[in-house]
Each structure stands twice: as C-alpha cells, then as structure tokens.
Amino acid sequence: MKIRVKTILILSAMLIALLLVFLIASETIVMDAFHTVEVQSAQKDTNRALSILASDINQLDAVAEDWSSRGSVEESIAHTDKPGLLSELDNRTLDHLRFNYILFYNASGELIAGTGYDIEKQQETPVLASLTTLPLAPAVISTMQSQGNGFIGIMGDPQDPLLLAVQPVYGPDTSTPPIGYILMARYLDATEIQRLGNLVQLPLDIRRYNDPALPADYKSAMASFQNGTEPFVQLQENDAITVNAPVYVAVLDSENIGTYALIRDINGSPLLIMRLTIPRDIYAEGKSTTIYFFAFLVILGISLGVIILLLLDETVISRLLYVSKRVNSIGAARDFSARVSVSGTDEVAQLATDVNSMLGELEVSQQYLKSRLDQREKSYHLFFNSIADPVVVWRFSNQEGFGELIEANNAAVEILGYSRPELAAMKLVDLLAAEDETDQDSVTQQLISNGKVQFEGSYRTKQGTLIPVEVIAQTFDEFGEKAVLIITRDITERKDVERLKMEAFQQIEKNMQQFAILNDQLRNPLQGIIGTADLMEDVHKEKFIRLATMINEIVRKLDQGYIESEKIREFLRKYYGLGKK
C-alpha cells in the first residue's frame, strides 16, 4: 500500500474517530445537558401554570378579605334580620367578579345567605349541598380563628373542582372570635382550564386523580408521585401563599415533553393531575446545533485533512516518492555511480544521504565484483574455448524444445565452418544430418524426463560434409531460464578404425574359409598317395610315405591352428562385435 493511500486512510480514520467521539460526547454530555435545561424549563413552565392557578385562588382570597372588612358585611352577618348588603347581593356582582359562589356563614359555620351563579348561562344556580355548612374541618376552623388568617384551596365537587377562599368576619372587637365567615368560590371548569392554558401559552389539561379513564402517561406519572398530605395552596403570614404540587417530567415523543403536577384538595388528598404539553424546542435547538456543529466539524476535518495531506505530500510524501523512484531507476540501470539529490536537513534528506552512502559502497562493491567477474569471464571463455570438442549451449523449454543458440566455443566454429553470427541464427535441426532430424523429438523427451541424454549422430558442416559425432546433452539453469549444454566429439577416426577392423575380420573369415577348403583338398590326395606308396614295391616307397606323412603332419597342425583361430574369432564376435550382422 502506498504512503499517500496510508496517509489518507489514517487521516480518514482519525476524522471518523473524532466524529464518533463527538457524537458520543454530544449524546452523553451535550444532549443530556440540553435535556436537563429542557426539563428545568418545563418545570418552570409548570410552576408558572401552578402559580397562575394559585394566583386565581389568591384573587378569591383578596376579594373575600376585602369584603370581610366591610362594615356592611359585618352588620349583615351580625344582624341577619336587617336588610343590608346580603339582601342586595345579585347576579351582576358574581358575573362582574367571575365567581360562581359568594356565601356567608355565621360563627357556627351555618349558611345564612349567599347565592350561586352559572357564568356561562348567566343565571342563578342553587347552592351545593356540600356548601350549606362551612366546608372546613374543625381543626382548620380552629387554626383560622387562632391565627386570624383566612383559608384557601381546592375542593372536590361531583361536577367540577372548586377554587375557594374563606375569610373570617369579625365584629367591632377583633380580639373576640369571628362572628361569621365569607366564602368565595369559582369552578375549575373547561373554560377556566382553557383560560389558564392561554395564560401559560401551552396546551394544558387537568384531569381528576381518580378518573378510571386516565391515559397511560398519567398513570405512569401517578406512580412517581410520593405520598403527602399538604394541600395545594396555603396562606402564610403577611398574606403570602405557598404552593405545594409535586412535578413529574416525561418525554412524550420526539417533538413534545409532558409535565405532570399533582394537585391536592383542602384536606391534602390527591384531587387533580395537571399536564402541560411542551414542545421540545430547546432539545430540537440543541439537536440542530449539534448537527450544525457536526457538519462544521466534518467540513473543518475534511479541510484540515486536505491541508495536512497537501502539506505532507509537499514536504514528505512527494520527496519520499522521488527518493523511491530515483532508487528504483538507479537499481534498474545498475548505475551505482548515480546519486539521489534531496534538499533540506530533515529526515528525508538524511535518508537520501544514507542512500547515497549505500550507493557509494555498492559502487565500490560493483567495481570489485565487475573486475572479479571480468576475470572469471575471461577464465571461463579461456576454458570454454580451450575445449577441443565442439561445445554449444541452446535455450530449451518443455513446451517448444530447443530454441536459440546461446554460446558456441571456438572448436564448434572451426569444425562446423560457421561463424558465430551464422550459428546464432540457426536452429539445432539445421546442424543435424537428415537421418538424425527425426530423432530430435525422442532426444527432447529424454531431456524433459531425465535431464540428460547420450547418443551418436552426425553434424552437417557448412560445406555439407557429415561428421560422425558422439553427443552428450544435459539441461541446466541459466539465470532462471532452462538451457541445454551439448558436448560433441568427432568419432570419425574411431569409425574408421572400426571399419578397418571389420574389413580385417572379414578378410580373416574369408582366408579361414579358403584354408578349410584347402585342408580338405590336401588330406584326401595325401591319403591316396600313402595308400598307393604302401602297395608299391619300389626303393623310393619309404621316402614317399615319409614325405606324405610329413605333409599330413603339417596339414594336421594347420587344422589345429584353424580350430584355435575359430576360438579367437568367437572371442572377437563376443567382446568386440566383429562379424555380427
């Protein structure tokens, strides 16, 4: 793999790792931080909605407190038989105040006067049975009497929850117990809930705690609320109020988050669950910011990567590639006297210096080896050309057989009569006699299977003369390629000697056959002469017999020599092949 590719891969891997770290960090840190801010903002919006609801209750208390301090109300409660403000209370007052109830109770908590009003229908309604007596526990009334404060909260009702405020009404002597109580209330109906949502500017929904048809998300929120007994709102000193409503925040989907607040009634029992559906603008903004920053980081990373790659390419990679190409060209040309030229004082320049030092050592080694090689080559050519027998080297392959001529010694040039350029242009088949050309395939197969072969054949010289030769051929590796070394020996003299031996043997055969015939022709007349002389009565008889016997002894010896000659002839046939057909 090339350095430039490796550099690109490393930079890409670093960029990808950086982006992965950024994504993990953004999900685990940044987006969690945005989610925390989102939850905090949602809690603030929920507290704002709860504060608005508490403010509505506090408004009831403010009006009730104002009315409780009026002398006409005191007079009307103290003297119920006299006409006064209570008798003048009408629907216009309730419609103006947007109250559903203004009720007056005596010191015993019994309803003495008051009216109910339907704001939507703008008509009077009967007072609820649960309001015919002051809807407060005795302990609450006792605390209210001892502290001189009023009481506010939310009361459950079969129809709708009721926001109420109760204030004690005192006589002329405020140190005495109150002479009665005034209650002002407003229904927390759909209209009021919509008004609260408009004020908060968020989708708002309030459901009863014990509603069997509560959605699953409400039930999940209910499970997270802890037990408690504190009412939703309470009056403190200096007309301050405290709001107590546990809040639970849950993600509804990718676009909205829900906050759930538990609202308890005046007795501290769970009464309502308020849910605000808040768009996840903060989280979406954080996500888009993260995406923009991620895109910016990608662009910045790619830009920095390209700049770094260009700088590396300019200062390091291109110079290294130049050194590599220069070294390769020097190696291909085997010119170790050449040098690599790189400017600068950095590691690349030091590498070029080291390469030049190595080239200098290689140049010295090359010159030494060249001198040794020249000596060896001279020795080789001297030895090669000093061989008296023709020696030739041919290229060879298992597929094509004999190829072009590689080398031929001086003996081959002199005996065959061809110059070296002429031999280099010839094939082996051009040097073989016609009867040997057909044997080239068998010779090739033996070289392929055995690697060597020995046979007798004939070379055809440039003048057309055939030279009988004995051939020894063997394959060897010639610088990675297969070649065949062929050594041939002129066996003309040996062939002549063998021919002369054969002719002499044939002459001996012929002479011995003639001697055998002569032997037979001499024996029969001698026997006749001896027999005839033995019958003669002549003084020369003994002489004839003695001479004939001498001649017969000579013939016998000749016959004995013939037998021994036959043994010699059999020996020559057996061990020298003479006389074989």
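The model is predicted: local features need pLDDT of at least 70, side-chain atom pairs count only at pLDDT 80 or more, and totals for chains, interfaces and linings use all residues. Residues are numbered from 1 along each chain as its sequence is written, and side-chain values use heavy atoms, with hydrogens and water left out.

**Aromatic pairs**

I searched the whole structure and found six aromatic pairs. Rings of Phe, Tyr and Trp (its six-membered ring) pair if their centres lie within 6.5 Å; planes under 30 degrees apart are stacked, over 60 edge-to-face, the rest tilted.

Tyr101 and Tyr187 make an edge-to-face pair, with 5.8 Å between centres and 70° between planes. Tyr101 is in strand E1 (residues 101–106) and Tyr187 in strand E6 (residues 180–187), so I noted the separation of 86 residues. Helices (H or I, at least four residues) and strands (E, at least two) are DSSP runs numbered from the N terminus. Both Tyr101 and Tyr187 are buried (under 20% relative accessible area; exposed is over 50%, partly exposed in between; 1.4 Å probe, protein chains only).

Tyr248 and Tyr260 are tilted, because their planes stand at 35° with centres 6.2 Å apart. Tyr248 is in strand E10 (residues 247–251) and Tyr260 in strand E11 (residues 256–264), so this pair ties together parts twelve residues apart in sequence. Tyr248 is partly exposed at 28% relative accessibility, whereas Tyr260 is buried at 0%.

I also logged one aromatic cluster, formed by Phe22, Phe293, Phe294 and Phe296.

**Thr46**

Thr46 sits in helix H1 (residues 3–68) and is buried, at 0% relative accessibility. A polar atom of its side chain lies 2.8 Å from the backbone oxygen of Ala42. Leaving aside neighbours within four places in sequence, I found Thr46 in contact (heavy atoms within 4.5 Å) with Val247, Thr259, Ala261, Met274 and Leu276.

**Helix H9**

H9 (residues 347–386) has 40 residues and reaches 56 Å from first C-alpha to last, close to the expected 58 Å (1.5 Å times one less than the number of residues). Its buried residues include Val348, Ala352, Val355, Leu359 and Phe384. The buried residues of H9 pack against helix H8 (281–333) and strands E13 (391–397) and E14 (401–408).

How values were computed: Polar contact = N/O pair within 3.5 Å; in protein donor to acceptor, adjacent residues only side chain to side chain.
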